[in-house]
Amino acid sequence: MRLLKLVPDNTNIDFLRWRWFAIAISTVLMATSIFFLATRGLNFGVDFSGGQMVHVTFQQPPQLDELRERISGLDVGDPTIQEFGSPTEISIRIPRAEDETVEQANAIASRVRTSIAENYPGSRIDSVETVTGKISQELAWDGAMALLLAMLGVAAYIWIRFEWQFGIGGLVSLVHDFIFVLGFYSISQIDFSLNAIAALLTLIGYSLNDTVVVYDRIRENLRKYRKMEIEPLLNLSVNETLSRTINTNTAVLVAITALLLLGPDVIYDLTIGIFVGVLIGTYSSIYVARFLLVPLGVGPDSFVPSDPLSRAERSRNEGYDGAQV
Amino acid sequence: MFFPRWKIWGIGLICAVCVLLGLPSLLPARAEAWLPAWAQAIHINLGLDLAGGSHLLLEAQTDDVARQRLESMEDLIRTEMRRAGVQISGLSTEGGQLSFAVRNPAQAGEASRIAGNQAQSVGFTQAPDWQVRVEGGNRIVMSQTEAGIEQAIENAMGSARDVIDRRINLSGTLEPTIILQGSNRIVVQVPGIEDPEALKRLIGRTVRLEFKLLAEDQETALAGRPPIGTQVLPFAEGGEGARIAVQRRAMVTGDRIADARQAFDENGLPAVTIVFDSAGSQAFARVTQANVRKRFAIILDNVVLSAPVINEPILGGNAQISGSFTVETANELAVSLSAGRLPVELRVVEERTVGPELGADSIRLGIIASTAAAAVVVIFMFLTYGWFGMFANAALVLNGLMIIGIMAFFNATLTLPGIAGFVLTIGAAVDANVIINERIREELRRGRKVFDAIDNGWKEASTAILDANVTNTIAGALMFYFGSGPIRGFAVVLVIGIITSAFTAITVARMMVAIWARRTRPKTLVL
């Protein structure tokens, strides 16, 4: 039986040659993301902006304009009405009025519910979420703290486990992925809620997971091939781990795709974030994380152990591998 | 590459136990009912987003607590000073502190001592809960300390939680989760309820039931300023805008109620019958005995519901409250009364309610998506790595079962994002096997023998796998710490998945490969 090989054996792609191209792509991606974040911003869901979100399943697709008029007529401010997965599933978002009390918010919610039950018999209220201003601020703060600590935590881990150049390289590639996914939420205007925070935290874990495997190999090669120049050595490491990067991420992507296509619409904002994160993470672990090491000054002499024992071990390895190549 | 027999048995046993633990959760509900109770107890809880139900976050208005403490201290000081024969004047609670003047300055020292005796040591530091100082020779000022207020809030929150617990249980709702959060919040989670509005009314209600005698002179009281010791309240029975004057002092209050039930009055209308506790019965009997032929008022939340005439002394400690109740409102009132009064007002600051149908849809779609994801990944691994892919696949299936088993053992909660975490783990779990298999391919390409290649592949790949999993664990742990309900469910699955996948991919898959290689002694590998 012939096995499927997404990446052929013994690839020798000169990734470094395309470095400037990759820098250009990354620059465009970052600039676009930041531009959208600055101009359009994130479409904060009720978790972070406060207010109410009601999901309704109708028996027939309702006229959105008519529905909007009916809801606006209830004196509830300016509602946002959107299709949610299918034409019969509608989400109604009611913004939080200034200094609104919970009692008022509840009264508004029951007005909306009654109106829907009267005008659209047979419809079903699937979920109601009410978040007051104070809580939404706390949730936003907690979310921001979790993201910040996760970034610092994993970067610190890499720094302890490897050397500082790797720590910075990992952190930069992480920030790169992070800004891109944030930019994706901004461009698509998908609700930015607690689920999006979970997607970003997943990204932090997985994006560095890739980077760690690659760095492991780079360090191994630095010790093995002491005489090799840094640039061809990075190229070699990329080629050696390319198959793993592609295969693992393909497996993750097909699994997530199954969830995107078949899974419940309620967590679409989570799964799409993970999907985009895995895509950009694959790219950045090939380019951003690795080639950053050159300007950071990782060279053939970077990891020369000082104690004689490991030096002996290294020369044994060198001799051994020399015979193989 | 050599696995001694005991190691094989040991690994097999661990796997078998984990899979068995997951079994009750996987069986359909009808089959699960046949299992003994201890086996049924090992199961995965469904989060509210899957089971349907309401999540409420209640915040206490803690300003109330300090004000109530101030009021009860005011009463206490009045009584204690009278008992000690110290005449005081100008008692005031302005600015959040209690102050009063002592008529005879010579008694200022004694008054300050009495006031000081009312303070208690509270908390871990045994700090006093009140501070007493003397101003201008004869003015005593009592202010609440930080520690005192904190302790009072803590007590109030504890009893508020108990009251909510009783109210929800009395209303017949099953399996509520009620936990204190922080210093002034309570989380209430009730699965599978139909009407969250009724739940909120039930929880948030600070019922205040009082029985008071009517004022002697209704005309003067209603005409102008009510005489000292009386007050004018709205009168529900008298129609729109009706008012009635009652005495300020209560005969007995709702705090003295032992039991309350919904019933029907003599006209067949819904009512609430109450039974006083012994102190309440005695007080009620004493007052009714002394006031036969007079009227008294039944007052709920400062509205007079009815004002019946005392025909004869009421000695049994029973009373019936009627008004314009429906069966539901009468029942809600009965529950609120018998569960006790909330010591502090609670407001809903966050609500998330999911209908049971949506939850059921989510479970169904989640199972379909997980199965599809697993199937596609299994096919992909077989196409890519052949036999070795099948070892990885066996590890993958085992991994899924082990996650379920471990979650069941800890009675962890599965949420909708948790299902996403499960699917993500299916994809990511093969990572370890991909790393290993790629490494073996490399070693083979370098010309190593089959056994050496397999052995080296595992050895070299192990550190990379462990390193990579640490970053995921950091992210997962922070998600658990900072996240709320559903997101926590995601983090739980992710972290358990990391641990089990490391075990299944490194240990179990390796063992299977080792056994296979020893049996077949392959000269070449197709990889």
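**Briefing: chains A and B of a predicted model**

In chain B, the bridge partner of Ile299(B) in strand 17 is Val304(B). The structure is a predicted model, in which local features need pLDDT of at least 70, side-chain atom pairs count only at pLDDT 80 or more, and totals for chains, interfaces and linings use all residues. Residues are numbered from 1 along each chain as its sequence is written, while chains are lettered from A and ligands numbered from 1 in the order in which they are written. Helices (H or I, at least four residues) and strands (E, at least two) are DSSP runs, numbered from the N terminus.

**The hairpin of strands 16 and 17**

- Strand 16 (residues 296-300) and strand 17 (residues 303-306) of chain B pair in the antiparallel sense over three bridges; two strands pair if DSSP finds at least two bridges between them.
- Two residues stand between the strands of this hairpin, and Asp301(B) takes a positive phi near 50° there.

**Domains of chain B**

- Chain B is divided into domain 1 (5-48 + 355-520), domain 2 (63-148) and domain 3 (206-320), with bounds that come from an automatic or database domain assignment.
- The centres of domain 2 and domain 3 of chain B, taken over C-alpha atoms, are separated by 33 Å.

**The contact of chain A and chain B**

- The contact takes 63 residues from chain A and 62 residues from chain B, where two residues are in contact if their C-beta atoms, placed from the backbone, lie within 7 Å.
- On the side of chain B that touches chain A, the largest share, 17 residues, comes from helix 12 of chain B.
- The residues on that side of chain B divide into 36 nonpolar, 13 polar and 13 charged; Ala, Val, Leu, Ile, Met, Phe, Trp, Tyr, Cys and Pro count as nonpolar, Asp, Glu, Lys and Arg as charged, and the others, Gly among them, as polar.
- Strand 4 (residues 124-131) of chain A and strand 19 of chain B run antiparallel and are joined by five bridges.
- Thr130(A) stands opposite Glu351(B), which is in strand 19 of chain B.

**Nonpolar cores**

- A nonpolar core is a set of buried Ala, Val, Leu, Ile, Met, Phe, Trp, Tyr and Cys residues joined through C-beta atoms within 7 Å.
- A residue is buried if 20 or more other C-beta atoms lie within 10 Å of its own, exposed if 12 or fewer, and partly exposed in between, with C-beta atoms placed from the backbone.
- The largest nonpolar core has 213 residues, and those with the most contacts inside it are Leu201(A), Ala255(A), Val377(B) and Val423(B).
- Helix 12 (residues 356-409) of chain B gives the largest share of this core, 21 residues.
- Another core, of 12 residues, lies apart from it and has Ile77(B), Val86(B), Leu98(B) and Met142(B) among its members.
- Not counting residues up to four places away in sequence, the residues touched by Val377(B) include Ala251(A), Val254(A) and Ala255(A) of chain A, and Leu396(B) and Ile426(B) of chain B.

**Individual residues**

- Most residues other than glycine have a negative phi.
- Gln189(A), which is not a glycine, has a positive phi of about 55°, and its place is in the loop between helix 6 (164-188) and helix 7 (194-224) of chain A.
- Gln189(A) is exposed because 12 other C-beta atoms lie within 10 Å.
- Asn411(B), also not a glycine, has a positive phi of about 50° and lies in the loop between helix 12 and strand 20 (413-414) of chain B.
- Met390(B) lies in helix 12 of chain B and is partly exposed, because 15 other C-beta atoms lie within 10 Å.
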